[in-house]
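Colleague: Can you walk me through this model? Keep it quick, please.

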Amino acid sequence: MIASDSAGRAMTGQFPPILQSARREPTSAKVARILLEYLLSGGLEPGEKIASERQLSKSLGVGRSAVREATKSLNLLGLLDVRPGDGTYLTGSSSDLLPRVIEWGLLLGERQVNDLMEARRYLEVDIAGLAAERRNEEGLSALRATLEKMRAAGSDIAAYVDADVEFHLALANASGNQVLTDLVRIIRSLVDVWARRVLEAAGETVTSLKMHEPIVKAVVERDVVGAREAMQRHMERAERRLREAVASSEVR
């Protein structure tokens, strides 16, 4: 098993068959999938501490660097909580994310995470342009309402993130393209995790709100180029802050 006791010692016992197979494929991608499947098996409770990097490396028969990269991917997606100097814990806030993560195969390492961020950026920029071109009064009303929710949330990170996710869904709906809207819905939980990670690291929501306001202004004015540029700036900043947040919580 991968769990550890309160002293951080590896628990004894037989590994599930999936863990034994890791010895045949000692890569960070395989380790990430193996850890994810084990975390989903019900062997750990939310908030429970997992074994250390050294213990996992020994138990899985892989190098510590592979374990480190796998843990970083799971930490990035909010499935593990890395506490420098203390240990790594299973979180309980992202269970709705897991089916889509598995389906899309996103936990394959740093390269795939970067590809995902790039894909989301292109998706959101195109949606913003289409929303500016096609929006109607109903779409504008929904978009303004979510922006007001973000303002009203203030420093309440959880409430702000919920409104932020609603904002991107409202923008997708305003684009009039159902496929694009469905894609945003698919990654909705992922966006939730990313936004929460960035905002918790920043400790405030004001600067994030200021990145959303020009997007709405451009959509209201039917400024397609302006909407795309505003979203591009928002996505680039979000990616940069996400990387900074992840780097600050990497396993040492």
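Modeller: Strand β1 (residues 80-83) and β2 run antiparallel, joined by four bridges. Strands pair if DSSP finds at least two bridges between them. Helices (H or I, at least four residues) and strands (E, at least two) are DSSP runs, numbered from the N terminus. This is a predicted model: local features need pLDDT of at least 70, side-chain atom pairs count only at pLDDT 80 or more, and totals for chains, interfaces and linings use all residues. Residues are numbered from 1 along each chain as its sequence is written, and side-chain values use heavy atoms, with hydrogens and water left out.

Colleague: What is the bridge partner of Arg83 in β2?

Modeller: Gly87 is the partner of Arg83.

Colleague: And how many residues sit between β1 and β2 in the hairpin?

Modeller: Three residues lie between them. Gly85, in the turn, has a positive phi of about 85°.

Colleague: Which way do the residues of β2 point?

Modeller: In β2 (residues 87-90), Gly87 and Tyr89 point one way, and Thr88 and Leu90 the other way. All are buried, meaning under 20% relative accessible area with a 1.4 Å probe, protein chains only; over 50% is exposed, and in between is partly exposed. In a regular strand the side chains alternate between the two faces of the sheet.

Colleague: Zoom out. How many helices and strands does the protein chain have?

Modeller: Twelve helices and two strands. From the N terminus on, the order is α-α-α-α-β-β-α-α-α-α-α-α-α-α. The protein chain has 252 residues, and 50% count as buried.

Colleague: Helix packing next. At what angle do α7 and α11 cross?

Modeller: Roughly 165°, and the axes of α7 (residues 137-153) and α11 (residues 206-220) come within 11 Å. So α7 is roughly antiparallel to α11. Angles under 35 degrees count as roughly parallel, over 145 as roughly antiparallel, 65 to 115 as roughly perpendicular and the rest as oblique. Axes are lines fitted to C-alpha atoms, for helices over the stretch in contact, and angles run from 0 to 180 degrees between N-to-C directions.

Colleague: Which residues meet there?

Modeller: From α7, they include Leu140, Leu143 and Leu147. From α11, they include Leu209, Val216 and Val219. Contact means heavy atoms within 4.5 Å. The contact of α7 with α11 divides into eight nonpolar, one polar and three charged residues. Ala, Val, Leu, Ile, Met, Phe, Trp, Tyr, Cys and Pro count as nonpolar, Asp, Glu, Lys and Arg as charged, and the others, Gly among them, as polar.

Colleague: How do α8 and α11 pack?

Modeller: At about 25°, with the axes of α8 (residues 157-175) and α11 12 Å apart. That makes α8 roughly parallel to α11. Among the contact residues are Tyr160, Phe167 and Leu171 of α8, and Leu209, His212 and Val216 of α11.

Colleague: And α2 with α4, what angle there?

Modeller: Roughly 55°, with the axes of α2 (residues 28-39) and α4 (residues 64-76) within 8 Å. So α2 is oblique to α4. Val31, Leu35 and Leu39 of α2 are among the residues that meet α4, where Ala66, Ala70 and Leu74 are among the partners.

Colleague: Last one. Is Arg241 buried or exposed?

Modeller: Buried, with a relative accessible area of 15%. Arg241 is in helix α12 (residues 224-248). Not counting residues up to four places away in sequence, Arg241 touches Val198, Ala202, Glu204 and Thr207.
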